[in-house]
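This report describes selected features of one protein chain. Please look at the model shown here before reading on.

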Amino acid sequence: MKKIILLATLALAGQWAFGQKMKPQDTEDWSRVPEVVTPGKRTNAPSDAVMLYGGRKDAAKWEHDNGDALKWKAKRALTVKKGTGYIRTKQGFGDVQLHIEWRAPRKVVGEGQGRGNSGVFFMGGLYEVQILDSYNNKTYSNGQASSVYKQFVPLANACKKPGKWQAYDIIFQAPRFNEDKTLKSPAYITVIHNGVLVQNHVELKGPTLYIGKPEYKYHADKLPIKLQDHGNPVSFRNIWVRELNLD
Ligand code: MG
């Protein structure tokens, strides 16, 4: 009996805390219904994804910075051809969920930043998630695989052995700018590397610079996704994005 009285008192106190009597329905949100999306099998693209590279047929979706047609090796996988330069999607993107699979060369050549280096860039090359063969390969921590380059060290090193296919699932929230071109809200990135959370909604300090302190500068709200030619024959496959609006 004592227990019942105590519980009743606690329940009443709970209602007092809210200042009014609340019903379970008061906190139910029926105002929006999340869209039904059929998940892909394993890492296949879900129904609402834009396929960026699923094979040779998608080579036309990419170009070099100067507008030249793709010079990288485009077969079942897309492979960096040293010296040809970065490539970018012809389509621009803002907020996205990106899936990308990549493979560092099986034969280990070089060390540190010189080993299996590439990168995924958002907003036309401004914000990089590093690609590097970080399997038993020392370098600065904010420059290893799945770092937000020179800004955020990954929470773990989830790198597979060189020559193995690896996956990044990245949620990129683009920065917003005011009408006077000042920063309204920064960019955020979440990264899952081979199923392991490595970046959790980190707030970018600005573009991911090789030298110097990052600072935001106004840019368009949709820009290409870019892949880096850092001189190493890194391969890519199964690249797809889901366009989001994270406002
Ligand atoms: Mg890089």
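The structure is a predicted model. In it, Ile 87 has Leu 227 of strand E14 as its bridge partner. Strand E5 (residues 87–89) and strand E14 (residues 226–227) pair in the antiparallel sense, over two bridges. Both belong to an open sheet of five strands, ordered E2-E5-E14-E7-E8, with antiparallel pairing. Strand E2 (62–64) and strand E8 are the edge strands, each pairing on one side only. In general, the strands of a sheet pair through backbone hydrogen bonds.

A magnesium ion is also present. Its protein donors are Asn 117 (OD1), Ser 118 (O), Glu 128 (OE), Gln 130 (OE1) and Gln 228 (OE1), at 2.2 to 2.5 Å from the ion. Along the chain these donors follow the spacing N-S-x9-E-x1-Q-x97-Q. Asn 117 lies in the loop between strand E6 (96–103) and strand E7 (118–122), while Gln 130 lies in strand E8 (residues 127–131), 13 residues apart.

Buried means under 20% relative accessible area. The table lists three residues that count as buried.

| Residue | Relative accessible area |
|---|---|
| Asn 117 | 1% |
| Gln 130 | 1% |
| Ala 59 | 18% |

Ala 59 sits in the loop between strand E1 (50–53) and strand E2. Because its relative accessibility is 18%, Ala 59 counts as buried. Leaving aside neighbours within four places in sequence, Ala 59 is in contact with Tyr 53, Leu 70 and Ala 74. From Ala 59 to Leu 78 the C-alpha to C-alpha distance is 8.3 Å, and the two are 19 residues apart in sequence.

Notes: Residues are numbered from 1 along each chain as its sequence is written. This is a predicted model: local features need pLDDT of at least 70, side-chain atom pairs count only at pLDDT 80 or more; totals for chains, interfaces and linings use all residues. Side-chain values use heavy atoms; hydrogens and water are left out. Donors are N, O and S atoms within 2.8 Å of the metal (3.2 Å for Na, K and Ca); water is not among the atoms, so sites may look incomplete. Helices (H or I, at least four residues) and strands (E, at least two) are DSSP runs, numbered from the N terminus. Buried means under 20% relative accessible area, exposed over 50%, partly exposed in between (1.4 Å probe, protein chains only). Two strands pair if DSSP finds at least two bridges between them. Contact means heavy atoms within 4.5 Å.
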